[in-house]
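User: I'd like to learn how to read a model like this one, starting with the fold of a chain and moving on to helix packing and chain contacts. Could you walk me through it?

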Amino acid sequence: MTASDEDIVDLDMNALDALFAQATNDVGTQPSEAFMTRVVTDALAQQPMPQFAPPSLWEQITSMVGGWQGMGGLVAATCAGFWIGINPPEGLPSQFETFLGNETSISALEDGIDDTGMFGFGWDMEEG
Amino acid sequence: MPLDAYTDLADDALLAQYSQGDAAAARALTARLTPRVFGHAVRVLGDRAEAEDVTQDAMMRLWKVAPDWRMGEAKVSTWLYRVTANLCTDRLRRKRGVGLNEADDPLDPSPSVTDQLQTRERMNALQAGLQTLPERQRQAVILRHIEGLANPEIAEILEISTEAVESLTARGKRALAQALAPARKKLGYEDDSI
């Protein structure tokens, strides 16, 4: 290759590079608005729906009683009731004491004997 | 989230948002990737209708693969270019023998560009010249010199070595210069060598 041949090739390449630069910004190779809309429509049609994990059993229970606040209230009420049951505060009216325990066991035992002198579960006596 | 907020997000992050049901991410990805894919397809195929088919197909594949996309492993645009390049190759194999005259039709003879007749003629001549190149050379030249991608990325897209890309682009460019030489006067390059 002679020096003049190389010059010609170099000039060709420079002009070609200019042509490439014009082609980079060529509006003729841009997609139409209608086509872009079509692609977006495809995208939305193929889009997975948002995934939500199903609630666990514990989450279902807590939500039934009103979430964590409800659960806290329930636990507090249960503890208070249990403590009052074990150790009823003094000065409660007598009907409350009866309800809460002091005389309950006796009355329950008495309720087991009816007027005929038989226990509530009379068949025990009859069968001997 | 407003559309502007997506401009800083990488393609794979946008794809993850899309998979979580974010409609704005779908629009942002479409706006970002479709023109690039379409531009490549229309230059390789020389036909807008066919380029639209290929682009729509490539984008559809992206939407379908989105839920299984693994962040940080592959570049979304590289993957998409590769799918597009393969779809173009399939099309060209099916319709071998496109002559220069057939590819000579203007891509988009829009009346709004009549004042840029020279530019349009040059673009059409370039398109016609590109159509004379072997398919792999054409893809490599378009990706390197018009899309502006780096050789390693082109190598990944065309699934060849970087050296092979360099060889393809060099030979392609030389062949293109020869193909355009007869039209240099018409294209306003009379004083240059094209």
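Analyst: Happy to! Bear in mind that this is a predicted model. Reading chain B from the N terminus, the elements run α-α-α-α-α-α-α-α-α. That gives chain B nine helices and zero strands.

User: How many residues does chain B have, and what percentage count as buried?

Analyst: Chain B has 194 residues, and 41% of them count as buried.

User: How do I describe two packed helices?

Analyst: In general, you give the angle between their axes and the distance between the axes. Take α7 (residues 135-146) and α8 (residues 151-158) of chain B: their axes come within 10 Å and cross at roughly 145°. The crossing of α7(B) and α8(B) is right-handed.

User: Which residues of α7(B) and α8(B) meet?

Analyst: From α7(B) come B:Arg136, B:Gln139, B:Ala140, B:Leu143 and B:Arg144, and they meet B:Asn151, B:Ile154, B:Ile157 and B:Leu158 of α8(B). By type, this contact divides into five nonpolar, two polar and two charged residues.

User: And how should I read the contact between the chains?

Analyst: Interface size is often given as the accessible area lost when the parts come together. Here we can count residues: 29 of chain A are in contact with 37 of chain B. On the chain A side, α1 (3-24) and α2 (33-46) are the elements that give two or more residues. The largest share, eleven residues, comes from α1(A). By type, the chain A side divides into 18 nonpolar, seven polar and four charged residues.

Technical notes
Residues numbered from 1 in each chain as written. Chains lettered and ligands numbered in written order. Predicted model: local features only at pLDDT ≥ 70, side-chain atom pairs only at ≥ 80, totals over all residues. Contact = placed C-beta atoms within 7 Å. Helix = DSSP H or I, 4+ residues; strand = E, 2+ residues; numbered from the N terminus. Nonpolar A, V, L, I, M, F, W, Y, C, P; charged D, E, K, R; others polar. Axes fitted to C-alpha atoms, helices over the stretch in contact; angles between N-to-C directions. Left-handed = near helix turned anticlockwise from the far one by under 90°. Buried ≥ 20, exposed ≤ 12 C-beta atoms within 10 Å, placed from the backbone.
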